[in-house]
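Subject: Structure handover

Hello,

Here is the structure I promised to pass on. My notes on what turned up follow below.

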Amino acid sequence: MASLPSPLLLTTISVLLSVILTRCSVAVTTSPCDFTAIFNFGDSNSDTGGLSAAFGQASWPHGESFFGGPAGRYCDGRLIVDFIAEGLGLPYLSAYLDSVGSNFTHGANFATAGSTIRPQNTTLRQSGFSPISLDDQWVEFNDFHRRSQIVRRRGGVFKKLLPKKEDFSRALYTFDIGQNDLTAGYFSNMTTDEVRAYVPDLLNHFQNIVKNVYSQGGRRFWIHNTGPVGCLPYVLDRIPVSPSQIDKAGCATPFNEVARYFNRGLKKAVKQLRKDLPLAALTYVDLYSLKYTLFSQGRKYGFPRPLITCCGHGGKYNYNMHIGCGAKIKRHGKEVLVGKPCKDPSTSVVWDGVHLSQAANKWIFDRIVDGSFSDPPVPLKMACFRKELASDQH
Ligand SMILES: *[C@@H]1O[C@H](CO)[C@@H](O)[C@H](O)[C@H]1NC(C)=O
Ligand SMILES: *[C@@H]1O[C@H](CO)[C@@H](O)[C@H](O)[C@H]1NC(C)=O
Ligand SMILES: *[C@@H]1O[C@H](CO)[C@@H](O)[C@H](O)[C@H]1NC(C)=O
C-alpha cells in the first residue's frame with residue numbers, strides 16, 4: 001500500500017476522527033451515567049451476605065463498626081462495593097443467595113467469600129474455598145436475569161423487589177475476584193511457577209464470563225484488579241518465605257509478584273474485551289497500588305501498624321488461622337472471646353488477617369472514585385462511556 005491515500009481512505013479517517021472526537025467531548029460534557037442497579041461478582045472482598053446465607057453468618061464482631069453486628073460481610077463495616085453503592089446513590093446490595101429480607105430492585109450480589117474464578121475440586125470444609133465459583137455466579141445471574149422478569153409480572157410485592165428489564169443494560173457490573181485462585185495453588189503446595197502457569201487459564205475463564213454477561217445485555221463493567229496478597233497475615237503466617245523474599249514493607253515478594261503478573265494479564269484481557277465487545281464500557285481499576293501503599297506507607301495515612309491484624313489472636317501478626325476473629329473457647333464452663341477486635345479498627349488496615357478494615361476500604365474508595373486509578377481514567381459516575389483513546393495512551 002505504497003500508493004497515495006485514496007479518497008475513500010481519507011473519508012474513512014475523517015469519519016473515524018470525528019467519531020473519536022465526538023465521543024471524547026461527550027464524555028467530558030455530558031451528565032453522569034444513569035446507573036440504576038449494580039450486579040456484583042466476586043469473593044469475600046465484595047461479599048455482602050452470600051456465604052453467610054448458605055453456610056452460617058460471619059460472626060460477631062464482624063460488622064460492629066457500622067452495622068452494629070454481623071451483616072454478611074467479612075469486615076468490621078462496609079466494603080468497597082458498599083461505598084460504590086453509596087457513591088451512586090443506590091442501596092447496599094442484597095446477596096442473591098439471601099432469602100431473608102432481600103430487595104433486588106437496584107441489583108444483586110453474586111459474590112461469596114472464598115470464591116475463585118475457576119471451580120475448585122475441593123469442598124469448603126476441605127480447603128476453605130467457596131463452592132460457588134465465578135462460573136456458578138454467572139449461572140445464578142443468568143437465572144436471575146430470566147426469572148426476575150417472569151416473577152415481576154406477578155405484580156404486588158414482587159414488582160417492588162426485582163429490577164426492571166431495562167436495569168440490566170443500565171447497571172454497573174462490578175468484578176473483584178482472583179485472589180483466591182492464587183492462594184488456592186499455594187495452599188495446595190504449588191510452587192510460584194506452577195501458580196503462574198495457570199494464570200492464563202484464569203484470565204480466559206474471566207473473559208468468557210464477561211462476554212456471557214454482555215450477551216445478556218450487560219454494557220458497563222467496573223473491574224478491580226487483585227491486591228498484594230503477600231502482605232496479608234493469612235498468607236505471611238501460613239506460607240513462610242526466606243528473609244530475602246520479604247520486602248521493605250514486610251510483605252512476601254513471590255506472592256505479590258504473582259498478583260502483579262495476574263493483574264498485567266487482567267489489564268490485557270480487559271483491553272481485548274474492549275475490542276471484542278463493541279458496545280461495552282470497561283473500566284479496569286488498580287486497587288493493587290492503593291492497597292500496597294497502605295501496607296508500605298500506612299503510618300502516613302493514619303494506620304500505624306499496617307501488617308497487624310485488628311481482630312485476631314497471637315503470633316507475629318496477631319493472626320492465628322485456628323483462632324480467627326470472633327473465636328471463642330470454653331474456660332471454666334464459660335465462653336470466652338479469644339479472637340478479639342483491637343480497640344480502634346479505624347486505625348487498622350487489616351481487619352481479621354484476611355480482609356481489609358472498613359477504614360482501609362473507605363480510604364481506597366476515596367481514591368478510586370474520581371478515576372485516578374482507572375484505565376481509562378473515568379470517574380465512577382462516568383463509567384458508562386467508552387473511551388477508546390484513553391486506554392491506548394497507557
Ligand atoms: C479440577 O479437575 C479438573 C478435571 O481433572 C481439571 O481440569 C481442573 O483444572 C481442576 N481444577 C482446579 C482448580 O485444579
Ligand atoms: C425495595 O427497594 C426499593 C428501592 O429502595 C423500594 O422502592 C421498594 O419499596 C423496596 N421493596 C420493598 C418490598 O420494601
Ligand atoms: C502441603 O504440605 C504440607 C507439609 O508438607 C502437608 O502437611 C500438607 O498436607 C500439604 N497439603 C496438600 C494440600 O497437599
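By class, which residues make up the shell around ligand 2? Two are nonpolar, three are polar and one is charged. Keep in mind that this is a predicted model.

The residues around ligand 2 are N103, T105, H106, V157, K160 and L161. A polar side-chain atom of N103 sits 2.3 Å from an oxygen atom of ligand 2. K160 uses its backbone: a polar atom there is 2.8 Å from a nitrogen atom of the ligand. On its own, ligand 2 has 360 Å² of accessible area, and the protein covers 49% of that.

Next, the aromatics. The structure holds 28 aromatic pairs. One of them is F66 with Y92, edge-to-face, at 6.2 Å centre to centre and 85 degrees between the planes. These two residues are 26 apart in the chain. F66 is in the loop between helix 2 and helix 3, and Y92 is in the loop between helix 3 and strand 2. F66 counts as partly exposed because its relative accessibility is 36%. Y92 is partly exposed too, at 29%.

Y173 and F221 form a tilted pair, 5.7 Å centre to centre with 35 degrees between the planes. Y173 lies in strand 3 and F221 in strand 4, 48 residues apart. Y173 is buried, at 0% relative accessible area. F221 is buried as well, also at 0%.

Finally, two arginines over rings. R78 lies over the face of F66, 3.8 Å from the ring centre. R118 lies over the face of Y198, at 4.5 Å.

Best wishes

Technical notes: Residues numbered from 1 in each chain as written. Chains lettered and ligands numbered in written order. Predicted model: local features only at pLDDT ≥ 70, side-chain atom pairs only at ≥ 80, totals over all residues. Heavy atoms only, no water. Near = heavy atom within 4 Å. Polar contact = N/O pair within 3.5 Å; in protein donor to acceptor, adjacent residues only side chain to side chain. Areas by Shrake-Rupley, 256 points an atom, 1.4 Å probe, with all protein chains shown as cover. Nonpolar A, V, L, I, M, F, W, Y, C, P; charged D, E, K, R; others polar. Phe/Tyr/Trp six-rings, centres within 6.5 Å; stacked < 30°, edge-to-face > 60°. Helix = DSSP H or I, 4+ residues; strand = E, 2+ residues; numbered from the N terminus. Buried < 20%, exposed > 50% of the residue type's maximum accessible area, 1.4 Å probe, protein only. Lys NZ or Arg CZ within 6 Å of the ring centre and 35° of its normal.
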